[in-house]
Amino acid sequence: MSTDVATTAVPPRPAVPAREPVRSARREGWRRRAPLLPALVFAILVTQIPFLVTLWYSLNSWNLVRPGSERFVGLSNYADVFADRVFRQAALNTIVITAGCVIVAMLLGVALALLLDRRFVGRSVVRTLIITPFLIMPVAGALVWKTTMLDPLFGIVNFVLSPFGAGDYDWTSSAPLISVIAALVWQWTPFMALLVLAGLQSQGRDVLEAAQVDGAGAARTFRSITLPHLRRYIELGVLLGAIYVVNTFDQIYIMTQGGPGTASSNLPFYIYQRAFLGFDVGQAAAMGVVVVIGTVVIATLALRLLFRSFVQEDR
Amino acid sequence: MTTAAVPAVAVAGPRRRSAGLLTVLTWIIGIVFFFPVLWMVITAFKHEADAYTDPPSLIFTPTLEQFRALFDAGAWPYFLNSLFATTVSTLLVLALAVPAAYALAIRPVKKTQDVLFFFISTKMLPVVAVIVPIYVIAGRIGALDNVWTLVVLYTAMNLPIAVWMMRSFLQEIPAEVLEAAAMDGASLRQTLLRVMLPMVAPGLAATALICVIFAWNEFFFAVNLTASQAATVPLFLVGFMTSEGLYWAQLAAAATLASLPVVLAGWVAQKQLVRGLSMGAIK
């Protein structure tokens with residue numbers, strides 16, 4: 001059963017040949033496997049079966065508000081999806097939002113981690129302040145950003161920028177993508193900072209001292225020792241962050257509703273619109289499948305990295 | 001400031017002033033990051049009239065009126081639904097994940113890597129790819145607007161993270177400890193409860209915390225699969241969007257209350273947070 005489980009990603013190395021049990025060991029094998037089964041069965045039932053159903057739906061034309069409209073249409077939904085201008089824009093927006101958020105959050109995160117990796121008065125207080133945006137309910141954070149922060153008339157952002165002549169700039173309708181990315185960066189920077197900080201603190205003191213003894217300056221030490229050491233942590237943060245941010249829905253739903261028009265719609269939001277406002281099951285399913293294929297590429301990279309991090313430490 | 005404990009960035013002695021400047025900078029950035037939260041909390045204690053001023057006002061008579069109004073507006077059922085979905089799904093996750101992690105960490109089965117790989121790959125499956133059939137199937141079996149549907153989905157959502165985390169915690173138990181327990185003739189049950197449980201208790205808590213955070217904050221499933229009966233806290237907040245622009249103070253109070261449980265839990269368990277967010281990869 002476990003040979004066909006990885007439907008959503010390709011394993012990094014070839015699986016062990018499936019059947020080679022020594023008979024006497026078979027019972028012991030099942031005894032070992034038993035505790036694993038409930039979780040495995042549950043995960044397959046709740047995640048893999050619906051995905052197979054999605055595959056099936058994607059080959060059908062079916063509108064939920066027209067009962068009995070279901071019929072097999074083969075790959076025509078996919079043809080429609082790729083011909084759909086809005087879908088292509090949503091795909092592009094997804095890339096812009098994900099890359100923008102992850103890159104900016106990581107740069108800020110590294111800077112913050114470096115600042116936090118010093119001894120100073122109130123260090124734990126500042127760290128607590130900085131992680132808070134990540135803990136705030138995303139829906140609540142998005143509402144706060146849309147109203148009290150970015151409102152054209154009463155928002156804090158325009159108030160702060162008013163000395164620079166910002167006026168009554170309407171952020172969420174004039175710069176919807178930037179607004180969404182800003183709210184996301186605010187939420188994800190703490191995540192990046194925490195991971196990088198953990199990396200900094202796991203650095204061997206002796207290496208740093210040796211560098212100092214050898215007369216390396218702070219900049220040189222950072223470039224030649226700290227940065228290579230941090231690489232794994234940065235990669236981990238970028239990939240884990242990307243996996244979550246690709247699925248961004250809350251901020252877009254709350255702040256822009258994908259608008260104006262479709263200017264800030266990403267794939268999750270567009271699929272939601274097609275499925276739950278347009279009731280177009282076939283098209284929504286086909287888009288879902290396309291998103292999965294896209295995600296597999298990123299996911300494979302991410303998994304390889306995760307495995308490297310884990311397995312190297314384990315063995 | 002002795003050199004022994006000072007990391008690379010700060011150097012003792014003549015650079016004291018620049019160290020001071022860096023400290024001030026760090027504080028400023030920390031406050032900037034925290035500011036939206038702070039402003040949300042401040043606004044929650046305002047009268048509506050004080051919430052809309054240009055320039056924004058800091059001087060006002062604080063009031064608890066907004067919080068009172070929330071519960072008059074029927075916030076309770078939403079909070080109870082969230083509490084139920086979060087608690088029950090977290091318990092279910094632990095019940096499923098701990099044995100699985102045990103099988104993967106202590107007595108590795110063949111193809112351990114494949115199994116771990118499978119679990120984590122379900123986490124990377126975008127939810128939009130499964131929402132349509134889940135909606136259709138739930139509709140057919142009458143499970144729409146039912147809080148148990150959320151429980152099942154939140155369990156599936158958090159299960160992979162929990163398996164990975166618990167595995168990494170269980171692996172830290174030295175093999176000698178387990179061997180010693182076996183030599184003393186401890187049964188599996190005794191080994192689990194008396195030897196292993198105390199050692200992984202912090203890990204269990206960290207895993208539960210991560211599950212609670214993600215379940216409590218979840219919005220996508222909740223907005224698509226619930227209506228009036230099973231709606232959770234994020235949907236209560238969304239209810240303010242129709243009248244958005246009019247009731248900021250009330251909205252801020254609701255957002256504050258909605259975020260409070262997870263923020264407090266996260267503050268208390270900052271150390272475990274890092275490990276949980278990296279799914280056990282970073283210790």
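Author: A residue is buried if 20 or more other C-beta atoms lie within 10 Å of its own, exposed if 12 or fewer, and partly exposed in between; the C-beta atoms are placed from the backbone. The model is predicted, so local features need pLDDT of at least 70 and side-chain atom pairs pLDDT 80 or more, while totals for chains, interfaces and linings use all residues. Residues are numbered from 1 along each chain as its sequence is written, and chains are lettered from A and ligands numbered from 1 in the order in which they are written.

Reader: Is His47(B) buried, exposed or partly exposed?

Author: His47(B) sits in the loop between helix 1 and helix 2 of chain B. Helices (H or I, at least four residues) and strands (E, at least two) are DSSP runs, numbered from the N terminus. His47(B) has 13 other C-beta atoms within 10 Å, so the class is partly exposed.

Reader: And Lys46(B), buried or exposed?

Author: Lys46(B) is in the loop between helix 1 (16–44) and helix 2 (48–51) of chain B. Its count is 23 C-beta neighbours inside 10 Å, so Lys46(B) is buried.

Reader: Leaving aside neighbours within four places in sequence, which residues does Lys46(B) contact?

Author: Two residues are in contact if their C-beta atoms, placed from the backbone, lie within 7 Å. For His47(B), leaving aside neighbours within four places in sequence, the partners are Thr63(B), Glu65(B) and Ala249(B). For Lys46(B), with that exclusion, they are Ala51(B), Phe60(B) and Ala249(B).

Reader: How far apart in space are Lys46(B) and Gln66(B)?

Author: His47(B) and Ile141(B) are 94 residues apart in sequence and 46 Å apart, C-alpha to C-alpha. Lys46(B) and Gln66(B) are 20 residues apart in sequence; their C-alpha distance is 7.8 Å.

Reader: How many residues of chain B are in contact with chain A?

Author: On the chain A side, 95 residues take part. The chain B side has 88 residues.

Reader: Which helix of chain A gives the largest share of that side?

Author: By class, the side of chain A that touches chain B has 74 nonpolar, 15 polar and six charged residues. Nonpolar means Ala, Val, Leu, Ile, Met, Phe, Trp, Tyr, Cys and Pro; charged means Asp, Glu, Lys and Arg; the others, Gly among them, are polar. The largest share, 14 residues, belongs to residues 281–314 of chain A, helix 14.

Reader: Where in helix 9 of chain A does the kink lie?

Author: Helix 9 (residues 176–201) has 26 residues and reaches 38 Å from first C-alpha to last, close to the 38 Å expected at 1.5 Å a residue. The expected span is 1.5 Å times one less than the number of residues. The kink is about 35° and comes shortly before the proline Pro190(A). Taking the bend as the angle between axes fitted to the seven residues ending at a residue and the seven starting there, the kink is at Trp188(A).

Reader: What share of chain A counts as buried?

Author: Chain A has 14 helices and two strands. Of its 315 residues, the buried share is 44%.

Reader: Which peptide bond is cis, with omega near 0°?

Author: Most peptide bonds are trans. The bond runs from Gly259(A) to Pro260(A).

Reader: What is the phi of Gln257(A)?

Author: Gln257(A) is also in the loop between helix 12 and helix 13 of chain A. Gln257(A) has 15 other C-beta atoms within 10 Å, so it is partly exposed. It is not a glycine, yet phi is positive, about 50°.
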